[in-house]
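Thanks for coming. I will show one structure and go through a ligand site, then a few residues of the protein around it.

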Amino acid sequence: MKILGIETSCDETSIAVLEIKKGKIKVLSNIVSSQVKIHAPYGGVVPSLAAREHEKNLKPVFEKALKEAKTDIIQIDLIAMTVGPGLEIALWKGINFSKELALVWKKPLIAINHLEGHIYSNWLGLMSDKIFPALNLIVSGGHTQLVLMTGHGKFKVIGETQDDAAGEAFDKVARMMNLGFPGGPIVSKLAKNGNPKKFPLPRPMLNQKNYNFSFSGLKTAVLYLLKDLGEINEKTKVDICASFQQAVVDVLVTKTVRAAKESKVRSIFLSGGVSANKLLRKTLQKETKKLKMSYSQPDFQYTGDNAAMIALAGYYKKLKSAKTKSLKAESNLKIKNW
Ligand code: KG4
Ligand code: ZN
């Protein structure tokens, strides 16, 4: 079975070809055309520009994905596309492109939730089902959620951020220090040379019994710290990055570990753009080991937005005979059972 995945929820135009043969998953191609350079001068993603770029890039990315996969569109068995959550006008570009392909080539279509896609980025290197119940920590630019999974397509959101997402906090802190966009990779790179204990920043909601998060207060604490400090040198800058990163990781890991223990899961999965953060990866892996649970994190190439994860979620969703009734962009689409 060959699946074409299409992802345009934010600022990456991505198309992938996935092959599932005798129970083995093979990513034949996964083309990601990033628009980071276009949005960087604005300090964030500009929806109208994102939509314009998707419109321009979809066809060449599609052709490249097929070529690299040495696949003809005739050989594709299923088209899986992201329908939300994300930027509505960006999502529509991918949906319309997919619809047209499906119509012309008579292919079945399956609608995928972007966050469910992130969860499945972990299965790109895994085929075992002996991991359920699993707890997913999804950390991206728009979302921070703890999702309990009792089987394929069986999700329950048990906690989420009450304000900013973890990635958003990284981006905002980077902006406050004029470090560039997106902030996560820059802040984490600088943090490597900093002292994480230098500035005692708050760990919001750390001791609350629920599994929710809040990052807006932490971001504001960094803002006040910067105001207090006035002009800062390079050393102070890296110490702020390290202290901020440590606060985010402490909260994410502590709450995930507590949720995992209390939910008695067999495994912990990390996913989303922030899963590229090395400190988060290392800390969560170490803590999971102590719990004697299995742990999975996506390969670096699948941490950010990509279509391979969408194609794989499409495969599992199709196995569940899930029907795609509505084909519309839903910017606030929630995680739902299949
Ligand atoms: O999943 P993603 O690519 O897009 C969304 O669905 O939002 O996540 C993007 C987010 C951005 O906020 C970016 O700053 C963050 O992931 N990010 C990181 C790192 N790499 C990307 N945050 C912290 N550390 C990183 N190494
Ligand atoms: Zn994402």
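Asp 305 has a side-chain N or O atom 3.1 Å from an oxygen atom of ligand 1. That is a polar contact, meaning a pair of N or O atoms within 3.5 Å; within protein, one must be able to donate a hydrogen and the other to accept it, and residues adjacent in sequence count only if both atoms are side-chain atoms. The protein covers 86% of the 560 Å² of accessible area that ligand 1 has on its own; such areas come from the Shrake-Rupley method with a 1.4 Å probe, and for residues only the protein chains shown count as cover.

Before I go on: this is a predicted model, where local features need pLDDT of at least 70, side-chain atom pairs count only at pLDDT 80 or more, and totals for chains, interfaces and linings use all residues. Residues are numbered from 1 along each chain as its sequence is written, chains are lettered from A and ligands numbered from 1 in the order in which they are written, and side-chain values use heavy atoms, with hydrogens and water left out.

Back to the ligand. Asp 171 places a side-chain N or O atom 2.7 Å from a ligand 1 oxygen. With Gly 141 the backbone is involved: one of its N or O atoms is 2.8 Å from an oxygen of ligand 1.

How many residues surround ligand 1? There are 20, counting a residue if one of its heavy atoms lies within 4 Å. Of these, 5 are nonpolar, 13 polar and 2 charged. Here Ala, Val, Leu, Ile, Met, Phe, Trp, Tyr, Cys and Pro count as nonpolar, Asp, Glu, Lys and Arg as charged, and the others, Gly among them, as polar.

Helix 6 (183–191) gives at least two residues to this shell, as do helix 4 (114–120) and helix 5 (166–176). Helices (H or I, at least four residues) and strands (E, at least two) are DSSP runs, numbered from the N terminus. The largest share, 4 residues, is from helix 6.

Last, helix 5. Its buried residues include Phe 170 and Asp 171, where buried means under 20% relative accessible area, exposed over 50%, and partly exposed in between (1.4 Å probe, protein chains only). Just after helix 5, Asn 178 has a positive phi of about 55 degrees.
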